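The questions below ask what stands behind the labels used for this structure. Each answer sets a value against its cut-off and concludes.

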Amino acid sequence: MTAPVIAVRGLTKRFGGRTVVDRLSLAVEPGRIMGFLGPNGSGKTTTIRMLCGLLTPDEGEGTCLGLDIRRDAAAIKRQVGYMTQKFSYYEDMSVEENLAFVARVYGLPGARARVAAALERLGLADRRRQLAGELSGGWKQRLALAASVLHEPRLLLLDEPTAGVDPKARREFWEQIHQLADEGITVLVSTHYMDEAERCHQIAYIAYGQLLVEGTVAEVVASAGLATYTASARAPQASVVELARRLQGRPGIDLLAPFGAALHVGGGDAALLEQTLAAVRADPDFAWQRDEPSLEDVFIHLMGRSRDNFQGAGT
Amino acid sequence: MSAAFSFRRMLAMIGKEFVQMRRDRPTFAMMVGIPLLQLVLFGFAINSDPRHLPTAVLDADHGPFGRALVAALEASTYFDVRRAVSSEAEANHLLARGTLQFMVSIPPDFSRQVARGDHPALLVEADATDPAATSGALNTLQELAQTAIDPDLTGALAALKAGPPPFELRIHRRYNEEAVSQYNVVPGLMGVVLTMTMVMMTALSVTRERERGTMENLLVMPLSPLEIMVGKITPYVLVGYLQVAVILAASLWVFHVPMVGNLLLVMLTSVLYIVANLAVGFTFSTLARNQTQALQLTLFYFLPSILLSGFMFPYRGMPDWAQTIGEILPLTHFMRIVRGVMLKGNGWSDIAGEVGMLALILLVVSLIAVRRFRRTLD
Ligand SMILES: Nc1ncnc2c1ncn2[C@@H]1O[C@H](COP(=O)(O)OP(=O)(O)O)[C@@H](O)[C@H]1O
Ligand SMILES: [Mg+2]
């Protein structure tokens with residue numbers, strides 16, 4: 001049994017009295033890809049910054065790569081690759097100059113060869129002299145990834161690396177992530193994309209700074225205990241929107257989402273949901289089918305529930 | 001049709017600007033502070049007709065007229081006869097250092113020659129590096145010569161009151177004999193230009209990193225605050241040196257400012273001054289949250305620097321509190337060094353004190369900068 005690469009307990013961060021990360025505990029095993037999910041402002045970036053020593057936690061403790069996150073911030077920084085949410089390399093420097101700068105700061109032996117290899121591996125060789133500021137989103141992201149793994153970190157922290165990147169570039173990016181994990185690098189990646197979450201070994205979902213669920217995708221879906229149905233329109237005059245209006249706010253209905261000519265319905269209490277649906281299922285305009293909840297269903301459900309909890313606690 | 005100009009939109013815009021202004025406290029403070037500062041400086045601090053200038057009297061006569069003369073000098077309020085000097089060498093030394101502004105030499109036998117109606121010469125030596133600082137006092141001196149010893153001209157001597165002055169005033173302007181104010185201004189300008197540009201450039205370059213998000217990356221890399229500071233500062237030392245070269249060349253070949261002292265001394269002390277200013281700029285960048293604030297801080301620093309350093313107005317014309325502020329500004333000391341070396345031919349021992357002050361300022365400012373620089377984003 002190997003020691004976890006990230007092991008933190010009760011991590012808390014407050015900004016001016018507002019708790020942004022609230023007693024968060026996390027454990028990630030070596031070589032795993034951990035997906036970090038949660039709505040905007042839920043504290044993902046703040047958590048990542050605490051893990052790599054950019055922010056000091058107000059409470060909590062733990063280790064990153066076996067090093068204490070409070071005491072050994074400097075040592076952690078050296079072994080961690082961090083790709084910031086906002087592009088943070090120099091737009092007025094070329095691709096190669098940026099990489100060379102990083103290589104020099106880390107004092108990497110054979111810097112020139114290493115930079116050349118990184119350029120080659122990431123398909124940036126042709127663009128080495130281009131200014132980083134002139135690159136498209138996808139290429140910038142490649143550069144940032146190349147720069148953050150240049151010093152061969154053992155842990156990679158990626159903060160929404162694929163935001164605003166086209167699907168093809170995203171797919172290639174994930175191939176690289178898996179490649180790196182295969183080489184033994186542990187990855188923590190925050191994202192808003194469900195398809196990306198499903199590519200992770202493990203996911204953690206936070207809202208309002210609190211960790212709500214953690215586990216494999218299947219575990220997370222199962223733990224939500226969500227029952228879902230899809231109602232498909234049988235006749236052209238059947239209105240999905242009208243059906244949604246009829247169900248809105250009824251007991252047991254926690255989730256309502258139209259998908260074209262179909263309506264996705266779900267609830268945390270299967271029996272109560274079944275009871276409410278019994279009335280509308282007689283309508284011959286719609287065909288009803290029980291199905292498996294998606295990860296997205298689970299997260300939207302969780303988000304709604306945590307908001308209720310949060311407001312309940314606040315007032 | 002939508003109007004090209006709408007009063008409503010304009011008001012909305014004004015309202016928005018007010019809201020933003022209220023949120024940006026430092027800008028607001030600055031907007032109030034700068035006019036206040038200017039009022040205070042121009043209204044009270046600036047005195048282009050300085051009085052109480054330090055004067056020494058070398059009295060070889062020890063006669064009654066000498067004493068009367070000293071009393072008259074003091075009564076004019078332009079001269080503060082602070083100390084008696086024992087030798088001409090000592091007086092010369094004090095003049096070179098800038099401790100003295102005037103030296104009055106009363107020749108031996110002065111009183112007797114006056115009494116005889118010989119119209120003896122009275123030598124006044126002035127440090128005229130800054131013509132503005134001495135002109136008022138020198139004008140008064142002319143009138144003074146006419147009447148200074150009148151009360152002592154009694155009895156038979158009363159006849160001397162009429163006609164030409166009882167003694168001849170010989171004024172010797174040292175260091176800037178022709179009273180060319182460019183000689184004084186141009187070397188000073190070197191310090192002023194460096195102050196503005198050096199402080200601004202570092203202050204901006206560091207806040208720019210923060211504003212663009214690249215600082216987050218720098219902080220996660222294994223770089224210490226001092227490394228970042230030195231790394232940021234060094235390129236600008238070269239830029240500063242270029243400015244020094246240009247200004248020196250212009251002052252020597254365009255303005256024909258005399259280079260009495262050693263050019264090398266100016267070149268060496270310039271490095272110290274440039275680095276001190278860069279450290280000030282770096283400190284500002286640890287205070288400013290964005291580039292706008294960094295610029296405002298630079299301006300806030302620049303104003304007292306040009307007004308209280310003796311660049312624009314004679315240092316001795318300022319009240320004590322203003323001189324105290326002047327003492328902590330690097331420009332004051334650099335200005336004295338450059339003027340001293342170029343116009344008075346000051347050597348290493350003459351400027352050592354000023355160089356020491358510059359080094360002290362650099363040390364203190366650097367300590368503040370490195371301590372204030374945050375390694376985290378907290
Ligand atoms: N340095 C800071 N000072 C004050 N508030 C901050 C700071 N950084 C983040 N926050 C606040 O903390 C909350 C969580 O932010 P963040 O961690 O960036 O969330 P996420 O990355 O999940 O979108 C947000 O409401 C944000 O405004
Ligand atoms: Mg974020």
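Q: Which residues coordinate the magnesium ion (ligand 2)?
A: In this predicted model, the magnesium ion (ligand 2) is coordinated by Thr45(A) through OG1 and by Gln85(A) through OE1, at 2.0 to 2.2 Å.

Q: Why is Thr45(A) called buried?
A: Its relative accessible area is 18%. Buried means under 20%, so Thr45(A) is buried.

Q: Is Gln85(A) called buried, exposed or partly exposed, and why?
A: Gln85(A) has 43% relative accessibility. Exposed means over 50% and buried under 20%, so Gln85(A) counts as partly exposed.

Q: How many of the residues of chain A count as buried?
A: Of its 315 residues, 51% count as buried. Chain A has 11 helices and 14 strands, and its C-alpha atoms fill a box of roughly 75 × 45 × 40 Å along the principal axes. Residues 24 or more positions apart account for 69% of the chain A contacts with a separation of 6 or more.

Q: What makes Glu216(B) and Arg49(A) a salt bridge?
A: The closest N and O atoms of Glu216(B) and Arg49(A) are 2.8 Å apart. The cut-off between a side-chain nitrogen of Lys or Arg and a carboxyl oxygen of Asp or Glu is 4 Å, so this pair qualifies. Across the interface of chain B and chain A the rule finds 1 salt bridge and 7 residue pairs in polar contact, both residues at pLDDT 80 or more. Helix 7 (181-212) and helix 8 (214-220) of chain B each supply at least two residues of the side that touches chain A; the largest share, 6 residues, comes from helix 8 of chain B.

Q: What is the area buried between chain B and chain A?
A: About 1,700 Å² is buried there, with carbon and sulfur atoms giving 56%. Glu216(B), Val220(B) and Pro222(B) supply 33% of the area that chain B buries against chain A, more than any other three residues. In contacts, 17 residues of chain B meet 21 residues of chain A.

Q: Where are the domains of chain B, and how many residues of each are in contact?
A: Chain B is divided into domain 1 (53-174) and domain 2 (181-377). Their C-alpha centres lie 40 Å apart. Even so, 15 residues of domain 1 of chain B are in contact with 10 residues of domain 2 of chain B. The area buried between these domains is about 970 Å², 48% of it from carbon and sulfur atoms. Ala96(B), Arg97(B) and Thr129(B) supply 46% of what domain 1 of chain B buries against domain 2 of chain B, more than any other three residues.

Q: Why is the pair Asp127(B) and Lys344(B) called a salt bridge?
A: Their side chains meet at 2.9 Å, N to O. The distance limit is 4 Å, so the name applies. The rule finds 2 salt bridges across the interface of domain 1 of chain B and domain 2 of chain B.

Key: Residues numbered from 1 in each chain as written. Chains lettered and ligands numbered in written order. Predicted model: local features only at pLDDT ≥ 70, side-chain atom pairs only at ≥ 80, totals over all residues. Heavy atoms only, no water. Donors = N, O, S within 2.8 Å, 3.2 Å for Na, K, Ca; no water. Buried < 20%, exposed > 50% of the residue type's maximum accessible area, 1.4 Å probe, protein only. Domains from an automatic or database assignment. Contact = heavy atoms within 4.5 Å. Buried area = accessible area lost by both parts, 1.4 Å probe. Helix = DSSP H or I, 4+ residues; strand = E, 2+ residues; numbered from the N terminus. Polar contact = N/O pair within 3.5 Å; in protein donor to acceptor, adjacent residues only side chain to side chain.
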